[in-house]
Amino acid sequence: MLGTDHQSYREGGKKALVTGASGFIGSHLVDHLLSKGWRVIGVDRRSPTSDPIARLNLMDAVGNPLFHFLHADIAEPSLRGFLDVGVVFHLAAATGVRSSWDANFTGYMHDNIAATHHLVQECERAGVPRLVLASSSSVYGTAALPSKEDGQVRPMSPYGVSKLAAEQLALAYAARGAGSTSTVALRFFTVYGPRQRPDMAIHRMLNAVHTGKPMRLYGDGRQRRNFTFVDDVIEAIVQSALTQQAGQAVNIAGPASVTMRTVLDIVEEVTGKPVPIFADTARCGDPEATEADSSLAREVLGYSPCIGLADGIGRQWQWTLDTHKAPAIGSIA
Ligand SMILES: NC(=O)c1ccc[n+]([C@@H]2O[C@H](COP(=O)([O-])OP(=O)(O)OC[C@H]3O[C@@H](n4cnc5c(N)ncnc54)[C@H](O)[C@@H]3O)[C@@H](O)[C@H]2O)c1
């Protein structure tokens, strides 16, 4: 149950801290909150003054008097002094499934587990009333489909393990009782849209169409993903901050689970050009399919994704064309 601090924040103290603000989803959240009149502190290790992707993503936010950017690693103590906010949106993470194996896991342990642990304690110490944390469909791995929050979790990659650890850590702290930060963990299913990370499939497809350079397609194209447009995700994130619901994980997914082949067909339809492909073997850690049961999100958040795949890919294609005209293109391709 949420306390009165949360109540007062809901009624007017619209001030938030967003971790991972320079990233794909974090920067969309920052823009959305600013457009609604929130004061926003954006924290990230990638600064818009030195990192081209951060600069592109935060182009609209930087210069807005309601926005303050804090260049920091969230595992460091420097966050103290910035937590007089009504809600912390925790989106910072080491991302990507394929790159999470072996020696790379050290970075995932730092960013996803140690940093989250540190942040959760800092939130509690500062009396932050509400924490919304980004988790992932990767926690389900090989579990039976459709994935349901109270069903099995069987992560099949180090990334998935780290995201499960992060959400469970935050929920464990939230359940400690009086003085804890009320927390909700959102399990996002493959998010796409403008600013999508360069390692992600739809970004790579659209980039291949634009440049003519083949994209690497892992597996036979029959892998299924429950793609979710970024605006739908932002709706769910903001709604999670405002609802009374807490202490649990909630799936956030798009309208349907579709194969990579179907996505390639839609990309070809939207762009009017074939996607040049370089076929490669499936990679360890990538599940055959993801598919969400979205009934809990519907029930507790009133969540109902409204952007279909063709519409969403059309918007991302327009963004691809626009950014390829911008000077930072070399680094997003
Ligand atoms: N994009 C998806 O499809 C997807 C799916 C499931 C879950 N998620 C989750 O959503 C969140 C956002 O994902 P995204 O795709 O926007 O990723 P992103 O890589 O674009 O953004 C993450 C940001 O976090 C920052 N960061 C990482 N560790 C940090 C640290 N220790 N201190 C400060 N900054 C740090 C990075 O610099 C980056 O800007 C992540 O938690 C991710 O696990 C994303």
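# A tour of helices, loop and ligand shell

Start with H6 and H8: H6 passes H8 in a right-handed crossing. A crossing is right-handed if the near helix is turned clockwise from the far one by less than a right angle, and left-handed if anticlockwise. This is a predicted model: local features need pLDDT of at least 70, side-chain atom pairs count only at pLDDT 80 or more, and totals for chains, interfaces and linings use all residues. Residues are numbered from 1 along each chain as its sequence is written.

**Stop 1: the H6 and H8 pair**

Select residues 201-211 for H6 and 260-271 for H8. Helices (H or I, at least four residues) and strands (E, at least two) are DSSP runs, numbered from the N terminus. The two axes come within 11 Å and cross at roughly 40 degrees. Axes are lines fitted to C-alpha atoms, for helices over the stretch in contact, and angles run from 0 to 180 degrees between N-to-C directions. H6 and H8 are therefore oblique to each other. Angles under 35 degrees count as roughly parallel, over 145 as roughly antiparallel, 65 to 115 as roughly perpendicular and the rest as oblique.

Now show the side chains. On H6, pick Ala201, Ile202, Met205, Leu206 and Val209; on H8, pick Met260, Val263, Leu264, Val267 and Thr271. These residues make the contact. Two residues are in contact if their C-beta atoms, placed from the backbone, lie within 7 Å. By class, the contact has nine nonpolar, one polar and no charged residues. Ala, Val, Leu, Ile, Met, Phe, Trp, Tyr, Cys and Pro count as nonpolar; Asp, Glu, Lys and Arg as charged; the others, Gly among them, as polar.

**Stop 2: around H6**

Stay on H6. Nine of its 11 residues are buried. Buried means that 20 or more other C-beta atoms lie within 10 Å of a residue's own; exposed means 12 or fewer, and partly exposed is in between, with C-beta atoms placed from the backbone. His203, Arg204 and Asn207 are among the buried residues. What covers them? Select strand S7 (191-192), strand S8 (215-218), H8 and helix H10 (309-324), which are included in the cover over the buried residues of H6. Then step just past H6 to Gly212, which takes a positive phi of about 80 degrees.

**Stop 3: H4 against H5**

Select H4 (105-126) and H5 (158-174). Their axes are 9 Å apart, and the helices pack at an angle of about 10 degrees. H4 and H5 are therefore roughly parallel to each other. The contact divides into 12 nonpolar, four polar and two charged residues.

Click Leu169 in H5. It has 21 C-beta neighbours inside 10 Å, so Leu169 counts as buried. Beyond its neighbours within four places in sequence, Leu169 is in contact with Thr116, His117 and Val120.

**Stop 4: Tyr140**

Go to the loop between S5 and H5, where Tyr140 lies. Tyr140 counts as buried because it has 28 C-beta neighbours inside 10 Å. Leaving aside neighbours within four places in sequence, Tyr140 is in contact with Ser147, Val153 and Arg154.

**Stop 5: the ligand**

Which residues are closest to the ligand? Gly20, Gly23, Phe24, Ala93 and Val191 are, in a shell of 27 residues. H2 gives the largest share of the shell, three residues. The shell divides into 13 nonpolar, seven polar and seven charged residues.

Technical notes. Near = placed C-beta within 6 Å.
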